[in-house]
Amino acid sequence: MKIEVTVNGEHQSYDVEPRMLLVHFLREVVGLTGTHVGCETSLCGACSVMLNGDAVKSCTVLAVQADGAEITTIEGLAQNGELHPIQEGFWECHGLQCGFCTPGMIIAAHQLLERNPKPNEADIRRGIEGNLCRCTGYQHIVDAVQYASKKMTR
Amino acid sequence: MPVSKSVGARIKRREDPRLIQGLAHYVDDIKLPNLLHVAILRSPYAHARINGINTDAAQNLSGVKSVVTGDDVKDVIGGIPCAATDPEGFPGIKVPHHPVLATGKVRFVGEPVAAVAATDAYIAQDALDLIEVDYEPLDAINSAEAAFADGAPIIHEDWDDNMAFTWSIAGGDVDAAFAEADHVVSQRIDHQRLVPNPMETRGVVAQYLPGKDQLNLWSSTQIPHLLRTQISVMLSMAENHVRVIAPEVGGGFGCKLNVYAEEALLGHMAKYLGQPVKWIEGRRENFLHTIHGRDQTGDVELAVKDDGTILGLRYTVSADVGAYYQLLTPAIPTLTGLMLCGSYTFKNVQMNLKAAFTNKMATDAYRGAGRPEATYLIERMIDVVAHDLDLDPLEVRRKNFIGKDAFPYETGTAVAYDSGDYTAALDKALKIADYDALREQQAELREEGRYLGIGFSTYVEICGMGPSAAMPAGGWESSTVRVDPTGKVTVLTGVSPHGQGQETTFAQLIADGLGVDIDDIRIIHGDTDTVQYGIGTFGSRATAVGGTAMVHAMGKVKDKVINIAAHLLESNPQDIVIEDDKYCVRGAPESGLTLGEIAMVAHVGVELPEGTEPGLAESHFFEPPNFTYPFGTHIAVVEVDADTGEVEIQRYIAVDDCGNIINPLIVEGQVHGGIAQGVGQALYEEAIYDESGQMITGSFMDYALPKAHNFPRFELANTVTPSPVNPMGVKGVGEAGTIGSTPAIANAVIDALKPFGVRHIDLPLRPEKLWKLMQET
């Protein structure tokens, strides 16, 4: 099936198999491998991307469902060589170790801060509960989101 | 440690920019021309005979390049290796052949049966559905107890029972200790089976270059060199024609310290198909066929005096090791034995282990690997002693602590603790917790029908693995430090970091040691064609052993640099110092030379002192004289909801002593993550197989990994007792949190339920279990 999407601001069209998952489309067809597959069941959040402004788990969305959509992946956050404040927060606060959950975690944080620019700690912990991290114990991730919140609302 | 700019500073990680921008390359991100995708057909039965496999329909599916079964590869791929099968250490050990694809019989759900290579991953999956396997189901065994029962089905029919191996350790005079005791305190303790679950599953890409007879194998592994050796043996290839690359690795926690069927299978398929192949493990496959941790059940007895003095310990334990051995399976419970004395002075100790084959995935190293079992049982038993003798658990600990003047201290299990001050860590943690106030608060809340609990863990662990004589496959580590003509420094390290941050901490050590900007340093790891042989990352060893190898290699480079500098400056080497990143004669910094200027001289080769070789690169292989023994005190404060049985962790205080600290930010991260995993074991995680051997917790829906809202803000502090085992005085911190936290949480929950007369509860402490207990009493 033919689909047209805008990925990280770039308009593109492709012919894809109807059963192809959005995450595989992004990784294999578009060639953006920053979005990861952690569980294929929408439970870990490693595959989170922004689809028309909402964070979705791209392992349980079909590529054809994204026809006409605007998609932002981890590769689309930094602008003109400047890290997004959330990325900066993850770096400053040691919000990652192995880095595998990180792109999805950053997308989840992005959604959280759009909805609630000044979340308290409990808001952040609840806001990222759809994303699993096995390395950090989450505390430095919470710090990273707080860092970004401060910077983005200054 | 010398006064330094980098070492000891909270330097943010140098590996992060690629990771936070989606620019890193994990195995699944590797793309090669003509790549085929492999999917694995796995046994749906725990125990069954294979009477036949028909692959015709799968072979004929458009896009399928090849289907292979056990019969196709049994003569060309050797068995999956185990490095710990010495019958001297494990009397009566049975070592079954462990094929990469099953032949004749399957022995656990998830065991590989056939593999499909296709032009597309979806087609490979489709083809699996077209393979017909004629299984004849057999009765399954889902516990060690069932394995040892009379008339139990036999898993490996070369033998007439399911006893895999036995192992024992004894120190002192245990019988005399129990004869002398006022009390014998006993408890059966279960260490449930766990699934490591790194967020990146395993994955392999293999490429064969016929012109060079070379196999390139990318694998999500913690041990690229050990893997290369084993793959070359399994595939009968010359080891120097096999290149293993561990690219970005998305967590390991011990489960990637192994050699798996798929690694050899993909290597074989790439060679015989003449096309590169990729296999990426699904999460369901990861649950079924990546090693599990723990799974010991044992009876502990402590010989105790009236005043709480512990005289001795007996531990009679069964381990359920699964159907086959993986790389280190039998070695793991032996680490439990080494650490049974914990932080305490008793030396009369005995452990008798029986290990059973069952119809499950193999157990092996999972974060802590055998030591969490030891720490959990001794720290839990201290509280049981306090309960039975009506003593304060803190006083029992203090009474039995090894004193700070006793180090180096040889335990009853004949390991030599390097250094420690257990009381200092405990006192510091108590101060942070404001312990007396907590006990008052607990008493007040109990009046209101609310159940607050305070739990301790005063752990010690064995890390920095380790002296080769005590390791199954070498415990040393290697490094090469080289300086380019322009003064840029490259480090090749035999360790294989996958989240631990050695690209940062190692660079900090080099920056200070050689007087060079940290941005001019590159740390290379995980490529066997680039890096000299090394052992890898596990057992909290990378910095303690690998870092030491690097520091020694750097020392050799520095000696040479200083000699050249002395020659150029017409001075003596002993008068050369580094000031402001310049090598100069003491007191004359204005005429100093940078590392780059000296490196250029070393490479041009004209102005060198007589007898000095040109070039500037040195290697070192470090054999550690001992393990290291990090320790600390963790305090958990929990509230158990009387209506739901839910546990809320209100506070978590961790005072850890990992020796000197190179980067406090990274140490904190390691402790945080470790605590979270140990809490997972205490409260949530359990791999459950039903009676038919089906794993009923095989997804994140059924196997609860801790989430962000399960934790309070951890309160961390350190004491610093340098290790004498290495020149940096570091001990390692990768596993401390996991080892320390499980008993702290368990003790806190059981303390909370003291009004209900609770003495012990097995893990995980899930709400329904606690709720039922509260209802019953």
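Reader: Why is B:Y409 called buried?

Author: The model is a predicted one. In it B:Y409 has a relative accessible area of 10%. Buried means under 20%, so B:Y409 counts as buried.

Reader: What makes B:Y409 and B:Y417 a tilted pair?

Author: Two values are needed, a distance and an angle. A search of the whole structure gives 22 aromatic pairs over all chains. In the pair of B:Y409 and B:Y417 the ring centres are 6.1 Å apart and the planes stand at 40°. Centres have to lie within 6.5 Å, with stacked planes under 30 degrees apart and edge-to-face planes over 60.

Reader: Is B:Y417 buried or exposed?

Author: B:Y417 is buried, because its relative accessible area is 0% and the cut-off is under 20%.

Reader: Which aromatic pair does B:Y417 form with B:Y629, and what makes it tilted?

Author: The centres of B:Y417 and B:Y629 are 4.9 Å apart, with 45° between the planes. That angle lies between the limits of 30 and 60 degrees, so this pair is tilted.

Reader: Why is the pair of B:Y417 and B:Y629 said to tie together parts of chain B?

Author: B:Y417 belongs to strand β17 (residues 416-417) of chain B, while B:Y629 sits in the loop between β24 (617-622) and β25 (631-640) of chain B. The parts are 212 residues apart in sequence, so the pair ties them together. B:Y629 is buried as well, because its relative accessible area is 0% against a limit of under 20%.

Reader: Which residues do ring pairs link into a cluster?

Author: The cluster holds B:Y344, B:F401, B:F407, B:Y422 and B:F631.

Reader: How do you know that B:K347 lies over the face of B:Y409?

Author: B:K347 is at 4.8 Å from the ring centre of B:Y409 and lies over its face. The rule asks for a distance within 6 Å and a position within 35 degrees of the ring normal. B:R541 lies over the face of B:F538 in turn, at 5.1 Å from the ring centre.

Reader: What happens at the peptide bond from B:F407 to B:P408?

Author: That bond is cis, with omega near -5°. B:P408 is in the loop between α12 (393-400) and β16 (409-410) of chain B. Another cis peptide bond joins B:L763 and B:P764, with omega about -5°. B:P764 is located in the loop between α19 (736-752) and α20 (767-776) of chain B.

Reader: What makes B:A414 exposed and B:D581 partly exposed?

Author: B:A414 has 55% relative accessibility, and exposed means over 50%, so B:A414 counts as exposed. B:D581 has 25%.

Reader: How many residues does the contact take from chain B and chain A?

Author: Chain B gives 54 residues and chain A gives 51 residues. The area buried between chain B and chain A is about 4,600 Å², and carbon and sulfur atoms give 55% of it. B:I20, B:Y122 and B:M199 supply 18% of the area that chain B buries against chain A, more than any other three residues.

Reader: What makes the link of B:R713 and A:D143 a salt bridge?

Author: The closest N and O atoms of B:R713 and A:D143 are 2.7 Å apart. The limit is within 4 Å, so the two form a salt bridge. The rule finds seven salt bridges across the interface of chain B and chain A.

Key:
Residues are numbered from 1 along each chain as its sequence is written. Chains are lettered from A and ligands numbered from 1 in the order in which they are written. This is a predicted model: local features need pLDDT of at least 70, side-chain atom pairs count only at pLDDT 80 or more; totals for chains, interfaces and linings use all residues. Side-chain values use heavy atoms; hydrogens and water are left out. Rings of Phe, Tyr and Trp (its six-membered ring) pair if their centres lie within 6.5 Å; planes under 30 degrees apart count as stacked, over 60 as edge-to-face and the rest as tilted. Buried means under 20% relative accessible area, exposed over 50%, partly exposed in between (1.4 Å probe, protein chains only). Helices (H or I, at least four residues) and strands (E, at least two) are DSSP runs, numbered from the N terminus. Contact means heavy atoms within 4.5 Å. Buried area is the accessible area (1.4 Å probe) that two parts lose on being put together, summed over both. A salt bridge is a side-chain nitrogen of Lys or Arg within 4 Å of a carboxyl oxygen of Asp or Glu.
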